[in-house]
Each structure stands twice: as C-alpha cells, then as structure tokens.
Amino acid sequence: MEMKRENHKGKALNLLRSRVCDPKFAFKALYNSPESNYSKLKFMISSSVTEACNNSILLLGPRGSGKISVLELVIRDLLDEYPDSISVIRLSGLLHGDDISAFKEIARQLCMEHQLLFSKSASFDDNSQFMVAMLKECGLAHKTVIFVLDEFDLFAQGKQRLLYSLLDAMQSVTSQAVVVGISCRLDADQLLEKRVRSRFSHRKLLFMPPSMEDSQSLLVHMLTIPVDSSFPRDYAIEFNRKVQNIVEDKRFKETFSNYLNFDSSVKHLLKFLFCAISHMDLKTGFLSLENFKTAFSSINRQPKLECLRNSSILELYILVCMKRLEVKEKSFCNFNSVMKEYKSIHDSFQTSDYYDRNVCLRAFEHLINRELICFADNRGHSLSVEYRPVKLLISSAELNQGLRAYHSCPAILQKLMDREG
Amino acid sequence: MNPEEAAQIPRRTTRSLASSSASTSNNASSAKVNSLEPLTINDLLVGGDPISLDELFSNFPGRSSQILEIVSLLGPLNTPMLPLFVYGGASTGKTSIILQLFRHLNRPLVYSSCRTSYNQRILFESILNQLHLHRKSSANGYSNAKRCERPSDFINFLREALTDAINNLKEKSAKLISGKTMAQGGIGNMIYLVFDNFQLVREWDKSSTLLPFLFNLYDLLKIPEVGLIFISNTSPDTFYSSNMGYVEPIPVYFPDYTDADIRKILSRNQADSKLYSSFLDVALRSFFRVTRQVDELSTAFKPLYEKYCEPLSDKRVFPNGDKDKDMKRKLFSHINPHITSSLNEIFKVSSHPSVEVENSKEANLKVNQRKLERREEIAKLDFHMSTSAKYLLISAFLASRNPATLDASLFDSKGGSHNRKRKRKPSEKVPERKESLEEELLMKGPGSFPLERLLAIFQCIVSVAEDSSDEDKQSGELMSDVLLQLSSLCNAKFIFKGRSCPIEGSVRYRSTVSEDLALKVARSLKFPLSSYLYKRT
C-alpha cells in the first residue's frame with residue numbers, strides 16, 4: 001500500500017513534467033475555441049487541400065507564443081484526416097538561410113518522403129529543377145506539399161531566391177502547395193521584394209501573448225491531474241483542490257503578475273511551471289505556494305549584483321577607481337590610469353589594502369572574465385593588457401547597491417563612492 | 001564519409017613512414033585493433049564506482065543546495081526536462097559537480113567542452129562520435145564518425161544518432177525489466193548533452209548563428225528524451241545579441257564560496273587539521289581580500305603552510321615539542337612578516353630558486369622586510385635567451401621607448417656614449433608639460449617602429465659590444481639569424497607585430513616588455529641600458 005502511494009506521487013510528478021515540456025499540450029488548451037488561430041489555420045490549410053489550390057500565409061508573433069506548436073497540431077490533425085494527400089517540408093531560416101543549403105534540404109526531404117535516392121553532390125540548379133518537377137508531379141497526383149519556413153525573416157535577407165522560385169513555381173506549374181512562413185518580426189512581410197510580395201497572399205495570423213486571466217486558467221488546466229483510474233481518486237481531488245487554493249491566494253497573484261510583467265509569452269510561463277513542479281515535495285505529493293516562490297526567485301536573477309557579491313575586496317577597489325575616473329570625465333581609461341588612481345587613494349587615505357602591480361593586474365583580469373568591465377577597443381590585440389582602454393559594464397547605482405550589500409566592505413569604498421556621486 | 005573513402009584519400013606521409021616496411025605497420029595496427037574493444041552504450045556513463053548523495057555532499061562542501069536544485073530539475077528517471085544553464089565564477093565546481101552527479105545518478109551523458117572542441121566543426125563531430133560510440137583508431141584512419149560542418153547537417157545527423165541511441169537504451173531497459181529484478185533501476189531512456197565552457201562560443205566565428213542554434217536545439221529536435229545542460233563562467237545576460245532571440249534556458253547559479261566553505265575545502269586531505277585551521281586563522285583573512293578563487297588560494301597557501309610549520313621542527317623554538325602551550329603565538333610571530341610579501345607574490349608562478357640563493361636567504365633570515373624586497377628587484381633573469389635575442393630585445397625596447405629623432409645622436413657608428421656630453425641640455429620643461437608627457441607614456445603605451453629602425457639600432461649596439469668585448473667568437477654570429485630571432489620573439493609575445501598598413505608601407509612592430517625585464521636582460525649582458533634611455537623628465 002505504501003509503495004502504491006509513493007508510486008502515484010511520482011507518477012503525478014512525471015505527468016506534470018511531461019505536460020510542461022511538451023508545448024503542444026499547452027497550446028491545444030489555449031487555442032480550443034472556434035475563433036482561435038488554431039481553427040483559422042486549420043480551416044485555411046484544409047480548404048486548400050480539399051480544393052486543390054495554392055495558398056500562402058504568415059504566422060507572426062513574439063517568441064514563445066506557440067506559432068510552431070499550433071502549426072504542428074494542425075498538421076497532425078490534417079495528417080490524420082487526409083493521410084496520403086499531404087507531405088510536409090520543414091526549413092529553418094537559421095540553418096538554411098542561404099539558398100544553396102535550402103534547396104539541398106528541400107530535395108533531401110522530398111527524396112525521403114517519396115523514397116527516392118538523394119545525391120549529396122547535386123548542384124544548386126539540379127536541386128531547384130528537381131523541386132519544380134516534384135511540385136508538378138505532386139500537383140498532378142493531387143498531393144499537397146506544405147512548406148514550413150521557420151524564421152521567415154532570415155529567408156528574406158539577401159536575394160530571396162528561394163522565396164521567389166517557390167512562389168513562382170506555385171503560380172506557373174500545376175502544383176498544390178501551401179507556404180507557411182513563421183516569424184517573430186511583425187513586419188516580416190515588409191521585408192519581401194516587390195516581385196516576391198506580389199506572389200504572396202497577404203494573409204497573416206497574429207499570435208499574441210495571452211492575457212493574465214487566460215494565463216491563469218492555463219496554469220490551472222496544466223496543473224490539474226485527471227480524476228480517472230490512473231490516479232487514486234481522493235489524491236487527485238485533493239491535489240486539484242490545493243492547486244485551486246494556491247491560485248486564489250493573494251500572494252500568488254502578486255508573484256504571478258510580477259513574473260508575467262517581464263514576459264507574458266506562454267513559453268516563459270511554462271519555464272516557471274517547470275521550476276515550480278520540479279521543486280514539488282515528494283513526501284507530501286502536493287504543490288505549495290513555496291514552490292512557486294522558489295521558482296520565481298530562481299528564474300529572476302540579478303547577475304551583475306551576484307558578480308559584485310562574488311568579487312574580492314581588491315576587485316572592488318579597482319571598480320571604485322574606475323568609477324571615480326569616469327566621474328572625473330577622463331575619456332580614456334586603461335589599467336595604468338586605474339593604478340595611478342589606486343595609488344592616489346592609498347596616499348591620501350592610507351588604506352591597508354595596497355598591493356603590487358601584478359597582483360592588481362590579475363584582479364583586473366578576473367573582472368574582465370566576470371564581465372564587469374570590458375575592453376573598449378575592437379581593433380585587435382596590438383597592445384598589451386595594461387594599455388588597452390577599458391570601460392565599466394555596471395552603472396553607479398548597481399555599484400552602490402553592490403557595495404552596500406557586501407558584507408565586509410571597507411568603509412573607505414563607500415565614502416569614495418558617495419563623495420563623487 | 002565511410003571508412004573506405006577515408007582510406008582512399010591520398011595522405012601525405014613522412015619519409016620515415018614511407019620507408020618502413022608494410023608488414024610491420026600492418027602488424028602494429030592489427031595488434032592495436034585487437035586490444036581495444038568496441039564501445040557500448042554503457043560507455044556513455046561517467047563510470048567509476050557508484051557514489052551516494054551523501055558522499056556527494058561531503059565531497060563538495062557548501063554546494064548542497066546547488067546539488068539538490070540540479071537533482072530536482074533533472075527529475076527522476078525517464079522524465080523530460082527543459083534546458084538548464086549552469087553558471088558561476090571560475091573554480092566554483094560546476095563541471096565536477098555535474099560529472100559526479102551523473103556518476104551518482106548513473107545516466108548516460110555526452111560531454112563536450114567548448115575549450116577542447118574549439119570550433120563549430122570539432123564540437124559537432126565530437127558529439128556525433130560519442131553518440132555513434134565511435135572510437136578513432138588506426139583502423140578507420142583516425143577519422144570521425146561523420147563529417148559535419150554546418151548546423152543544418154548537424155541537426156539531421158544528431159536526430160538520427162539520438163534516435164538510434166535512445167532505441168538502444170529502450171531495448172536495454174526492456175530487457176532488464178523482463179529479466180531479473182533491476183539492480184539499480186537501470187540507466188533510463190534519456191540522454192543528456194552537456195556543453196562545458198560555453199562562454200567561449202561567443203568568440204567563435206559564426207557565433208551569431210551558432211548561439212541561437214544551440215539554445216534552440218531542444219525545440220528544433222523535438223525529442224523529449226534529450227536533456228541539455230550548458231555550463232558557463234558568465235551569466236546568461238552576456239549572451240544576448242542583437243541578432244536573434246531564443247527562449248532562455250533555466251538558470252542555475254553557483255555562487256562563489258564563502259569564508260567557511262573555503263576553510264572546509266582547503267582543510268580536506270590535510271594531515272593535521274587542527275594545525276591547518278590555526279594557520280588559516282592567520283592567513284585566510286588577508287588573502288581573502290585579494291582573491292576568492294579556491295585554486296589561487298590553494299596554490300598560494302601551500303608554500304606558506306610549509307613555512308608556517310618550519311618552527312615545529314626547530315628545537316630552539318619548541319623545546320617541548322607539540323605540547324607547547326604558546327605554540328600558536330610562536331608560529332604566528334614566525335609567519336607574520338612573510339604574509340605581506342607572500343600576498344604580493346600570490347599570482348606569481350615562480351621558478352625554483354637555485355640552492356645558493358636559498359642558502360643565502362636563510363643566512364639573512366633576521367633581515368627586515370625592506371631588504372627582502374630590494375633583493376627581489378635585483379634578481380636574475382630566470383629564463384635563458386641567446387645573446388643575439390637579448391640584444392634584439394634591448395634594441396626593440398629602445399626603439400619603442402625613444403622617439404625616432406633621437407637615434408642619430410644616441411647611436412653613431414662608434415656607439416655614442418662619449419657623445420652624451422655634447423647632447424643638448426635637458427630643457428626646463430614646464431611641470432604641466434612634464435605631467436602630460438608622463439600621462440602620454442601611461443596611456444599610449446610603447447611606440448611602434450619599422451623593421452629597418454630596429455635593425456639599425458641592433459647593428460649599432462652589437463658593434464659596440466663587439467668593440468668592448470675581447471672575445472671574438474661573437475663577431476660574425478650575432479647578425480646571422482636576426483630575422484629568425486625576431487620571429488621567435490614575436491611568437492613569445494615580447495614584440496607585437498602590427499598589421500601592414502598599405503599607406504604607411506612596411507609592417508610596424510611594438511615592444512611589450514616592461515622596463516624591469518629590459519633592465520634584467522641588459523644587466524645579464526653588462527649593457528649600460530640606462531645611458532641610452534631617453535629621459536622625459
């Protein structure tokens with residue numbers, strides 16, 4: 001009996017984790033209504049399949065809003081409905097941005113679909129002719145080819161040969177093709193050349209991040225475990241009730257809205273859920289408000305302040321010297337000038353922390369590795385480290401905050417910062 | 001590219017290889033092949049004896065919360081995960097904790113470091129080699145499993161390799177379940193890819209496409225049985241670029257160790273822990289102000305601890321042996337003067353001093369601090385250079401330091417030291433101009449000079465040396481390999497070679513040695529460097 005109880009807690013955890021890691025589950029829930037993008041997209045593609053015509057559409061929206069997931073859901077459903085009349089070619093602007101590799105990839109995927117032999121040494125012209133020929137054949141066989149062009153804006157750089165030949169082939173030969181472009185740039189269609197744009201239908205579907213209420217109901221939906229035979233009934237009901245309690249708690253609402261203020265896309269929400277679920281206490285088997293609080297603090301970090309907290313006191317001295325030089329409006333700052341400032345501070349205040357030049361140089365290099373300062377010149381390395389100009393990558397407010405939070409900060413540093421600022 | 005194709009590509013061979021008989025090379029290669037067994041999927045595990053979580057906690061003091069966080073994010077066996085981004089300062093234990101954690105969890109791991117796989121192609125091929133369980137041997141001509149340069153090829157190969165490996169794992173675990181009871185729960189169905197030293201990827205070529213590609217790899221693959229872990233020295237915000245976005249992985253932060261943690265770490269494996277902790281009481285606080293990295297502290301403490309323990313064997317200081325009540329105070333008073341000087345040498349990797357220097361140092365043990373410092377200043381040059389390289393280094397230093405207009409007066413055909421009296425008087429410069437000149441020296445750094453000027457100065461100096469020295473064995477040899485010496489000095493980064501500018505003509509060089517080093521080199525040659533230096537003050 002004990003084993004069984006342990007088992008279902010672990011099972012619940014597994015279920016939740018696989019739900020969160022699979023974005024399609026989330027988007028299916030979100031886009032269930034008939035007015036949603038999912039239904040519109042499905043209608044559009046299925047009508048071009050049934051009516052044997054060509055079509056093109058752009059899916060636009062910020063990153064993580066579910067464009068690809070919704071498209072994959074639509075394609076999956078269509079493949080179920082029309083098993084033999086659809087083939088899918090997937091390209092990504094990041095990987096296949098140049099036309100040569102794009103055509104090669106198209107040819108490779110077409111060969112794989114239709115069990116033809118793919119030759120790696122085929123030239124660009126061979127591949128493009130092959131594609132046109134295949135489109136014609138598929139058109140004659142009443143088979144629709146769906147081209148999924150991810151990162152569409154990257155295809156629109158350069159000469160746009162792929163886009164032109166694809167859209168041109170769709171218009172000239174007897175083909176049945178649907179071109180779906182996906183992009184995070186909301187002006188992706190403005191990037192198209194005139195001749196390409198004229199062949200592109202101006203259909204766009206916008207994927208906007210969900211509102212706060214929708215996000216909340218999505219969260220509840222994702223965290224509700226099914227009350228059926230896979231889980232003991234009372235455990236499932238208790239679990240869902242606890243989730244409902246958490247969601248209605250005022251503190252949770254505050255944390256949640258803080259989190260979504262930064263980025264309200266669904267993927268970001270899924271990250272939050274993943275962190276919270278992974279901290280679920282397996283002894284009790286239920287989620288608690290603490291899990292969500294831990295998730296919030298572990299995802300929202302302040303990296304520069306963390307770096308400052310990790311620095312040694314000598315490194316803080318160097319940062320304060322650089323800040324003082326900046327305030328004095330010395331336009332040009334390198335290691336030697338920082339050393340001069342360091343020496344002048346030591347002379348005027350008689351600090352106990354006065355170290356050799358090579359020790360300071362090493363601390364300086366630590367700061368560069370931590371990305372608290374960086375070199376200001378890009379022209380290569382014809383000068384050694386001591387002479388290259390450097391600049392600070394943190395603001396004086398951050399430096400002040402870091403100094404205050406540092407647990408054994410020498411008072412002299414605070415005084416120096418305050419005196420200038 | 002399959003192995004046959006690899007063997008048929010004509011390879012350049014050395015003469016010795018071509019001249020060795022074919023039979024011996026065949027025997028050698030077949031012997032080698034027999035001794036190495038083919039790799040199995042179990043070789044993807046970290047290996048070693050299994051360790052428990054408590055051992056892991058005790059091996060890594062101060063890291064228990066990070067270990068627990070990573071364990072909970074990885075989840076139980078066979079659960080999917082979103083990509084993780086582990087970051088923290090240097091030597092905070094990220095790589096070793098991840099590897100030991102996988103040893104504890106006993107799950108297959110594909111580890112690649114972006115330091116040893118220093119460009120895109122090598123990274124891709126190393127990952128594919130591991131997934132294909134491919135070992136480079138003479139049988140396959142030390143080639144990789146697949147030739148892969150572009151991300152588009154990599155994603156296809158990776159998908160195939162991962163699906164094969166995962167099916168392999170599934171068969172294995174199916175056999176385990178159907179067979180006897182599982183001993184340790186099996187190794188699961190998931191494969192984890194670890195990218196170490198990820199911060200180096202930002203500086204590669206094509207990093208603008210590679211970084212978004214790797215961060216989006218989980219979404220592109222759409223295989224739930226893959227876990228991705230990125231390890232980096234810098235935080236995720238240093239990876240932002242204006243080119244392209246990606247969904248950020250989940251951050252896991254490794255803060256630097258606190259005071260107490262460092263004490264625990266350094267006290268491990270010490271023979272006498274009480275003695276060591278009293279040593280740390282004395283030394284740690286001051287060293288902690290300079291650096292907080294464990295590796296630097298441990299290197300600095302080793303010689304200091306030996307020094308600290310010295311009086312224990314000295315009968316004069318401790319007549320009662322270990323039972324002296326004032327032990328701590330006496331040891332403290334012994335070590336105290338050395339701490340400050342050791343602090344200033346903390347990052348120096350010193351060469352071993354010769355025995356005579358050691359003896360003389362012991363004799364002067366009662367000398368106070370200042371003399372010790374001065375003694376270091378006049379230390380000898382502790383690496384060897386040939387005479388012509390030394391002269392070349394000095395001439396480069398002079399060429400960078402002195403303005404070109406002074407060459408004529410400093411170096412005439414005879415050497416020029418007796419012309420100093422007729423040199424123009426040092427003008428009384430206004431103090432502000434002095435200061436601005438000094439600042440210029442600080443800011444701009446050493447000047448650059450063309451090759452002809454360097455060779456001219458070199459020739460002058462060498463002719464002076466030949467005149468003044470009685471040995472004539474040096475007469476012809478110094479000039480012969482000057483250009484060779486110049487290129488080796490450039491490789492050693494004593495001289496920087498600038499890019500050739502089409503307007504200015506020839507390549508310009510710049511000397512990077514400090515004045516101390518130049519003085520040391522000059523002293524070893526008995527060359528009066530200071531008389532040639534242009535004094536700006």
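A salt bridge here is a side-chain nitrogen of Lys or Arg within 4 Å of a carboxyl oxygen of Asp or Glu. Between chain B and chain A the count is five salt bridges.

A word on the model: it is predicted, with local features needing pLDDT of at least 70 and side-chain atom pairs pLDDT 80 or more, while totals for chains, interfaces and linings use all residues. Residues are numbered from 1 along each chain as its sequence is written, chains are lettered from A in the order in which they are written, and side-chain values use heavy atoms, without hydrogens and water.

Back to the two chains. Chain B brings 62 residues to the contact and chain A brings 60 residues, where contact means heavy atoms within 4.5 Å. Together they bury about 5,200 Å², 57% of it on carbon and sulfur atoms; this is the accessible area (1.4 Å probe) lost on putting the two parts together, summed over both.

Now look along chain B. Its domain assignment, an automatic or database one, gives domain 1 (41–254), domain 2 (259–344) and domain 3 (381–412 + 443–465 + 476–536). The C-alpha centres of domain 1 and domain 3 of chain B are 50 Å apart.

Finally, find Tyr534(B). Tyr534(B) counts as buried because its relative accessibility is 16%; buried means under 20% relative accessible area, exposed over 50%, and partly exposed in between (1.4 Å probe, protein chains only). Its C-alpha atom is 9.2 Å from that of Leu410(B), 124 residues away along the chain.
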